[in-house]
Each structure stands twice: as C-alpha cells, then as structure tokens.
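Hi everyone, thanks for coming. I'd like to walk you through one structure today, so please have a look at it on the screen.

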Amino acid sequence: MRCNDAAGPLLPAAAPGTSLVDVAPAWLCAAHTRLASPGPHPVPETGLTLRGDIGGRHFEAHPTVRGDGSVAWWLVDDTGHQLAREALRRERERSAFLAKASNVLLASLNLGRCMDGTAHMAAENLADAALVIAPARGQRLPVVTCVRGGAPATTTVTVDLDEVPGLAEALRGFPPVPSRWIDPATAPGWMTPERFGPVGSIVITPLPGHGVPAGALILLRATETAAFSDEEEAFARLFAARAGAAMSAARLYAEQSTVSDMLMRELLPPDLHQISGVDFAGGYRPSADHERIGGDFYDVHPATVEGAGALVSLGDVCGKGLEAAVLTGKIRNTLHALLPLADDHQRMLSLLNTALLSSHHTRFATMVLASAVRRGSAVDLKLTSGGHPSPLIVRADGTVEEADTHGTLIGAIPNVSATTTTASLAPGESCVLYTDGITEAKGGPMGDDLFGDERLKRALAGCAGMPAEGIVEHVQMLAAQWLGNRPHDDMAVVVISAPRTHHLSAVNGHTRGRFTA
Amino acid sequence: MRTSTSPRLPHSEHAEESARLLWNAVSTSDEHAAAELVLRMLDDGADPESVLLDVIARVQGRVGEEWAANRISVAQEHAATAINERVVAAVSVHPAARTAVTRGRITVACVDGEWHGLPARLLAEVLKLRGWRVDHLGAQVPTPHLIVHLHNTRADAVALSSSIATRLPTAHAAITACQAVGVPVLVGGAAFGPEGRYAEPLGADAWAPDARAAADLLAEEPLARPETDHQQSDDLPHLADQEFTVVSRSSASLVRHVLTALEDAFPSMRAYSDLQRERTAEDLAHIVEFLATALYLDDEALFTRFIAWTAEVLVARGVPASSLPPALDLLARELMDFPRASRILRSGTHTLTTAHSTAAGNTA
C-alpha cells in the first residue's frame, strides 16, 4: 500500500508495503476487500456513502478504482458535521417536547390536572419516573407520581421536609438552588413508586412559578439507565420553568375563583322549594352567558311569625352585570332586615326607597312584593308592585289575570307610593312574577319582534294546573327559543302555586316526610 | 372514539306494569301517587337503577311520544316532566340509593339551549349509584360555565347530553372546549342521530345509546385524555364553503322572504290570523335551523328525517302537510347559489313526495 502525507498522522502504522489489514480499521478493510476481490462486484447502492470511525474521529470514505486495478481511498473527516447533525436532532426533539409541554400545560387552569400533565410528560421524556409535589401548608404534601408507560396517580404524603436534602429549599423557592442530586440510598420510601425496582439516580428540581415557588419536580432513573448528564439536567430545568409557571397560574386561578365564588354565593338567586304548604319555583338567566349574576333578583323568606305569609320579592335593578348585581345584594339584605314589617308592603318599599336614595348608587330598581299564606287548600296572596310589571295569575280554567297593583319605582324620588291588591289561588292555580327581560326579549322567527305581554299571557293560559317549576321552565324555554342567539337582558321568573293535590313533602329533597321508614 | 351498545336487560313484566301505573299518575298530574308508587317499589327492594331506567325513563319516553301524537299539549308535557323530575329527586334521597363514592369524578351536563334535562338527570343518578362522584350541572349549560367548572374540579370525563339535533353545532363547540382543557367527552341523546352517527364527526371521545350503556362504558376503562393540539376546523372541512354560516346568519330574512312568497302563492294564507302567521313563521324558522344543522354536519339524512317527522306531527295535529313542499321550493330558490343547501332541500322534497305517495297508497 501507499499513502500520502495527510494519511500518515491518521494511520500512523501505515507505511509502504504494510498490509491494509494491519493499519486500517475493520470497516475500511472490509469495504476494500469487497471492491478489490475479483468477480462480479455487488453493485454499490447509490447515494450510500461509506462511513466509519478512525482514531476517535468520524470519516467518509470514497473509493476510486484506478487503471492498474489498485484502489485509492479518499478519506474525508466529517466529525464536526456529524456532531452538528446529532445536536440538531436532539434540539429539534427538545423543542418539539417543550412545545407539546406548553400545549398541555397551558390547556388547564386546574392545579391537579397541571400536576398530572407535568408528571406524565416528565416520566415519558426526562426520566423513568417523576414525582410532582405542590407546596403545602404543614407537613402534608400533595404528590403526583407517574412511572414511564403508566398513568399519573395522586397521593398525599406526610413528611418531614428536612428529612430530604434539597426538598425544603425547592418547595420554598429560597434560597434559590439549582437541581440537587440526592443519594438514592437516603431517599424516603414514598419517593420510590411501587414496583419501580432499584433507583439509580434521583434529582430534585424546583418548579419556579410567577415569582413564587410552585412546587418541586423529582426525577428518578432506574439503575440500568444512565445517570443524568449536565445537559439533561439543564434541559429538565427548562421544562420545570414551564411546568412551574402553569402550576402557579392554576393555583392563582383557584384562589381567585374561591374568593369570587364566596362573594358571589350571596348574590346568586336562591333555590326555591315548598314553604308552609305553598309551592315556590324560580328561574334566572343573566344577560351574559359567562356570568351567573346580574341586575335581576328574587328571594323567598319564610314568615317570621306564625300564620303570616312567606314574603316573595322579585325585582330588577337598572343596568346589568356585576355592578347591578352588587346593588341587588344590598336590596336583598335591606329587605331581609325589614322582614318584621313584611305584612306592610308599602312601608317596606318606602323604607327601602329611603335606604337606596341615601346610598352612593345612582341606580334605581323596580320590584314586586308578594306575601303568600296557605289557608285550607287555597293560597292567599297580597301583591304590591313598585314600578314593576304586574304579576299574572293563572286560573285553573286557563284564564290569565293581571294583578291590579301599581306603584312608583324605587330609589329615584323621595316619596314612593304603591297600591296593594289581594288574590286567592285555588289548588293548581299559580301567580307568576317576572322581569321585563322576558317580555322585552327581542327575536322570534322574523328576528325583530318583542316577546311581549300578550305572548306571555297566551303561553301561561296553557299552563293551568302545572307544577310551579314546570311553569318556570316553560316560560324560560319560550323566551330562550324566542331569542335564539340574540343578546338579551337579565331574565327572572318566580311562580307561587297552590299545590294541586295533597302535597308530597318527600320530593323537595329537604324532608323525607311520611315515607321515612 | 369508543361506543357502547350493551344489550338492554330483559324487560321484566313487573317494570312494564310499574311504568304503566306511573304513567297513569304522571299523565293526570298526580305527583303524590307518582312518588308514592316509586318509593314503595324501592321499599319493596326494587333496584334503584332499574326504577330509574326501566320505569321512570320509560314513562318519560312515552311523554314525548304522546306529545308527538298530539295526545298531550306542550304544557302537559312540561307538567309531566316536572313530576318525573320530582320523582327522580325522591328516588335519589331514598336509603336504597345511598352509595359510597368508589370511582372517579364525572361532570354531567346538557348542551346550551337543551331544555330536556331529564335524560342527563337520570344518567347522573345512575352514575352516582355506580359509585362515581357526580357534578350534575343541569339543563342548558352555557359552555363558559361548563369550562369554568372543569377548571375548578378535576373531572375524569364530561357526559354531555343533547336531544335536539339543532343543538349539535353548539355541542361541537362544547366538546372541543372540554377537550381543550384536557377532559374527554362522552356524548349521548337523540341529537347524535341513529347509532350516534354524529358523535364521531363532532370529535366526541365516546358515545352511548342510553344511561345504562354510558355507565357500563365509563366503568370499563377510563376515557383517554384528549390531545390538546386538536383543531376544531379539521373535524368538518366542508364548513370552509361558508354555507352553514350564511344560512344560519340570514335565518330571519330567509323566513321573511319565504313567508311573503308563500302568501303570494297561497292567497288563502292572507286570511291567516297573526297567531297562525306566527306559527307558520316558526315552522319556517325551524326548517331553516335544521337545514343549517344539516349543512354543519354535511348530512342530508338529518334534514330528511326532520322533514318526515314534521309531516307526521302536522298530520297528527290535523294540519295538512301540503305547505311543506312549496316552502322547501321557495327556500331552494332563495338559496340557489349554495350547492350543498340546494341538494339537501331537494332531498327534503323527495322525502315528502315519496312519503306522500305511500300515505296516499295506504288510504286508497
């Protein structure tokens, strides 16, 4: 063999006369033998370049068969190229993983689901098993564990944080520490998932949230898997940053929604049911579908003294949305405080008027008050409207009567006046209180008609004898169908009914009545 | 998508007899008798799930049939349903229905605009009996509420109910929204068509024909967590032609045009009272709504089934269905630039002519 100057340093043993087998690596010798052997050569596959390692570097080998039958091998060093290609592949994989991680983590604002997603993705891509720990109050830690190929499982462990080196710091987020290795032999039992086998390496990585600690990620590898490289550890931190941000957002959302739920609970319309032998049912639909409260309201208060009527109030604060809802809360509280006067509607409205005028709100309201008391099988009603659409009474024969009560709206002028009317409901008859959101619903098949009083009365004529919640649902459904997808105001309906037959108290879910064994 | 078609339990004569008695009580608005009947069955050791599904659900099915056959009014239908609801509530608080939570958590809801809440209520009760922790959100749940609920709870799955086909576009939005926050969706109800054929095109993770099958399916194995990179527009590529959007958006003006044209074609209609005119307009709006839904799913059969059913209901109410073909023709004229809409309307007309000739043949 012969070699040029460049080949000298590469194959130091190569000298003229030596055999190729003694100086070149096996892959090159084999290729040479194939090429130099007599007889039909296997056709080399086009585009397939011969590659191999020589002395720790990577080469492409291109043969040229010369006229005298000898073969010249051109060796091209492509070590850098190979490394770059390998790095590119790894980076692509990682950015695809991070993109997927962001997708999964951004999808949910639920802390549990974020922890599940984090543990699952970490176990599939970074380690053989992963634990996600949320910061806890006290010593009970919520932990989601996921083994590669398995589903995430949630547990709560009671743990002394200082028992695990690095865990307390990671969960506190202070002092800021990078990932920390711990000796698998010292790891507490809860850290190793069941049937995982011997643990080879464990690394604890803090999950940094939006400026606050969001928890810790623990990655485990089995003994047969290689330990974490520095690069892998750095990558795990990139993932941890995303997971931490998502968990932190979920935690903030949960805290906020707990607060708003708590505040809203007082503003939500109550669930109505039977009180002292009178059926009550109510339905509410705020103007915006994403909201649960608005400017309409209703309440039913049981009588404060024996023999008096339950007080129903239904009203409409001018405006909609949260701001109007806050005022409905004030009105409802004020009415509640005025309950001892429930028998004197006009006095109640007048006191409420004064209260509203003296508050900083510039809004006013319309409302109707109804006292309902059972007398025998009938229900006696007292109805007073303060600038509100008159209640409608549905008789057993389908006649619909408008209650004769009128008055000024509340919270606008210093002196209010209203007339009170009385009525009696026979069994199966109902009194319907509603807000103008129903009658002013704009839509219908042609798209621009108001639902209107007449349509409401016509619909109610068909509701004779129906249970109270059936009437509420029927009215709500007709209004909703009339509207289609068009915008609308808040809508509220309350129905007071004299029970049709001997009433069954077991079915309102509050008492078991006579069916209790 | 997973579907379940578990065989129904053999109908016992006992259940049939109980259903008959319950129907008698419900149809006469005697809720006292209705609840007493059902509670006594439970006291006597009847299986609560069987009471819910083989007795109450059967009675509710009959309520719908009786309405379609014009034997009861819409208001009576509501009254019967309200009593059934109360009866279900009574079952749920009976000691026989007390079950410990042994499984995960399921959210049960009706699609926004869906007022038939009882099927979902029955499913919720059955799932409770099978040991699930159930959040029942009730009838017509706006999608934003459903999503807020899913963020606040860690539901393993959502069971979504819809009975009216025109709610399917809304159901699609709800399904996609649930999946986008990582929760799989099981759908059910008549809206999803024969054998649940619309469940898959709308991207649902599973479909079940009834509450019992739904409970079996959920018990079998947990529904897989949906992929979060799913694009809603990939489900129904035909929506790119904008026909659904245009037809659903111009519904009111289509109704107005067709109504005017009908009055020109049928002078007798000019003598209609306002109420009759409004009823006709409502019928037209309904046709347009079903047309839009058929466009959404690109399924002619959805429209033809509705047209055939409408013709039957009209006949049951003593109204001649003769105004339907001209209405469809006039709509087709308004929508002649829309190839899919035209095709669907033509098949509607075809359904009516064949149904009509069959009916005529029968009476001859």
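Let's start at B:Arg105, whose bridge partner in strand S3 of chain B is B:Arg133. The two strands here, S2 (residues 105-110) and S3 of chain B, run parallel and are joined by 5 bridges. For us, strands pair if DSSP finds at least two bridges between them. Helices (H or I, at least four residues) and strands (E, at least two) are DSSP runs, numbered from the N terminus.

Before I go on, a word on the source: this is a predicted model, where local features need pLDDT of at least 70 and side-chain atom pairs count only at pLDDT 80 or more, while totals for chains, interfaces and linings use all residues. Residues are numbered from 1 along each chain as its sequence is written, and chains are lettered from A and ligands numbered from 1 in the order in which they are written.

Back to our strands. They belong to an open sheet of 6 strands in chain B, ordered S1-S6-S5-S4-S2-S3, with parallel pairing. S1 (2-3) and S3 (133-138) of chain B each have a single partner strand, so one side of each is left without a neighbour in the sheet. Helix H8 (residues 211-220) of chain B packs on this sheet and touches S1, S2, S4, S5 and S6 of chain B. The direction of H8(B) makes about 160 degrees with that of S5(B). By contact I mean that the C-beta atoms of two residues, placed from the backbone, lie within 7 Å.

Now over to chain A, for another sheet. Here 5 strands form an open sheet in the order S10-S21-S18-S15-S16, and the pairing is antiparallel. S10 (279-285) and S16 (400-402) of chain A are the edge strands, each pairing on one side only. On average, neighbouring strands of this sheet are turned by 20 degrees against each other, direction ignored. Inside it, S18 (residues 430-434) and S21 (residues 491-497) of chain A pair over 5 bridges in the antiparallel sense, with A:Val432 opposite A:Val495. Helix H12 (residues 468-483) of chain A packs on the sheet, touching S10, S18 and S21 of chain A.

The axes of H12(A) and H4(B) come within 8 Å and cross at roughly 130 degrees. Axes are lines fitted to C-alpha atoms, for helices over the stretch in contact, and angles run from 0 to 180 degrees between N-to-C directions. That makes H12(A) oblique to H4(B); under 35 degrees counts as roughly parallel, over 145 as roughly antiparallel, 65 to 115 as roughly perpendicular and the rest as oblique. Which residues make the contact? From H12(A) they are A:Glu469, A:Gly470, A:Glu473 and A:His474, and from H4(B) they are B:Ala75, B:His78, B:Ala79 and B:Ala82. They divide into 3 nonpolar, 3 polar and 2 charged. Ala, Val, Leu, Ile, Met, Phe, Trp, Tyr, Cys and Pro count as nonpolar, Asp, Glu, Lys and Arg as charged, and the others, Gly among them, as polar.

Finally, let's take the whole interface. Here 37 residues of chain B are in contact with 36 residues of chain A. H4(B) gives the largest share of the chain B side, 9 residues. That side divides into 20 nonpolar, 9 polar and 8 charged residues.

Thanks, and I'm happy to discuss!
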